[in-house]
Amino acid sequence: MARPSASQRQLDEHVTRLRGCTLCPKMYRPAVSGGPVWSRVITVGQAPGTKEPVLGRPFAWTAGKTLFGWFERACGITEAEFRASIYMSAVCRCFPGKNAAGGDRVPDAQEIATCSTWLEAEIALLRPTLVIPIGKLAIEQFIASDKLTEIIGKQQQVTYHGHRFDLVPLPHPSGASPWHRMEPGRTLLGQALDLIIRHPAWPRKV
């Protein structure tokens, strides 16, 4: 989509600052960014895993293969096309490290609050009309999410720091969760993807 050159420069500068962020002492750097993609659609992931900082992009490993597979099957968009046309954000941009049980540590409230300033700036600059939070931690930044069955497969309008947009949540594509592979999760996921690809802001393949 067309964008003002001054705004694109602002986004370029924003991503440069983001990648150099060192605000959270317990986080493992570098911060991960999908790059300065000007878009009216923003995805919001949870936090990078171990592979994303090394490869330098969000959803770079197993969960990403699942996520991009969903969209390719739904509308034919490839991973490369997705990355080139959708702004990819997250609740936290650095790898949080491991917990005592060996899984990925959930970012604490202060880390989430600190990193939220990046998301606030991105929404203020891009003014998206569609935001896609992926996973419960991301969904909770916008709406209450006690049960995925109550919110997946639905679209609603929300206001976030003064900006209003449509929100279509997705479950996290982690292989550790069977939710999106079982009913009713599988059907609700399909409904959510249909809402997304029919949204006026979604990029159309030529």
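These legends describe close-up views of a predicted model.

Residues are numbered from 1 along each chain as its sequence is written, and side-chain values use heavy atoms, with hydrogens and water left out. Local features need pLDDT of at least 70 and side-chain atom pairs count only at pLDDT 80 or more, while totals for chains, interfaces and linings use all residues.

**View 1. Helix α1 against helix α5.** Helix α1 covers residues 5–19 and helix α5 covers residues 109–126. Helices here are DSSP runs of H or I with at least four residues, strands are runs of E with at least two, and both are numbered from the N terminus. Two packed helices are described by the angle between their axes and the distance between the axes. For α1 and α5 the axes come within 11 Å and cross at roughly 170 degrees. This makes α1 roughly antiparallel to α5. Axes are lines fitted to C-alpha atoms, for helices over the stretch in contact, with angles running from 0 to 180 degrees between N-to-C directions. Angles under 35 degrees count as roughly parallel, over 145 as roughly antiparallel, 65 to 115 as roughly perpendicular and the rest as oblique. On the α1 side the contact (heavy atoms within 4.5 Å) is made by S7, Q10, L11, H14, R17 and L18. On the α5 side W118, A121, E122, L125 and L126 take part. By class, the contact of α1 with α5 has six nonpolar, three polar and two charged residues. In this scheme Ala, Val, Leu, Ile, Met, Phe, Trp, Tyr, Cys and Pro are nonpolar, Asp, Glu, Lys and Arg are charged, and the others, Gly among them, are polar.

**View 2. H14 in helix α1.** H14 has its place in helix α1. H14 is buried, with a relative accessible area of 4%. Buried means under 20% relative accessible area, exposed over 50%, and partly exposed in between, with a 1.4 Å probe and protein chains only. Not counting residues up to four places away in sequence, H14 touches Y87, W118, A121 and E122.

**View 3. Helix α3 crossing helix α7.** Helix α7 spans residues 185–198, and its axis comes within 10 Å of the axis of α3, with a crossing of roughly 65 degrees. That angle makes α3 roughly perpendicular to α7. The crossing of α3 and α7 is right-handed, a term for the near helix being turned clockwise from the far one by less than a right angle, with anticlockwise giving left-handed. From α3, W70, F71, A74 and C75 meet L189, L193, I196 and I197 in α7. The contact of α3 with α7 has eight nonpolar residues, no polar and no charged ones.

**View 4. G64 and C75, two residues of helix α3.** G64 is in helix α3, residues 62–75, and is buried, with a relative accessible area of 1%. G64 and P173 are 109 residues apart in sequence, but their C-alpha atoms are 7.4 Å apart in space. C75 also lies in helix α3, and at 27% relative accessibility C75 counts as partly exposed. Leaving aside neighbours within four places in sequence, C75 is in contact with I197, W202 and K205. The C-alpha atoms of C75 and S7, 68 residues apart along the chain, are separated by 29 Å.

**View 5. The cysteines C21 and C94.** The structure holds zero disulfides, a disulfide being a pair of cysteine sulfur atoms within 2.5 Å. C21 is in no disulfide, and the nearest cysteine sulfur, that of C94, is 6.1 Å away. This distance is too far for a bond. C21 is buried at a relative accessible area of 14%, and C94 is buried at 9%.

View 6. R29 and P30 are joined by a cis peptide bond with omega about 15 degrees. P30 is found in the loop between α1 and β1 (41–45). Another cis peptide bond joins E183 and P184, with omega about 5 degrees. P184 is found in the loop between β5 (163–167) and α7.

View 7. Phi of R127 is near 50 degrees, a positive value in a residue other than glycine. R127 sits in the loop between α5 and β3 (130–133) and is exposed, with a relative accessible area of 52%. For H161, phi is near 50 degrees, again positive in a residue other than glycine. H161 lies in the loop between β4 (156–160) and β5, and counts as exposed at 55% relative accessibility.
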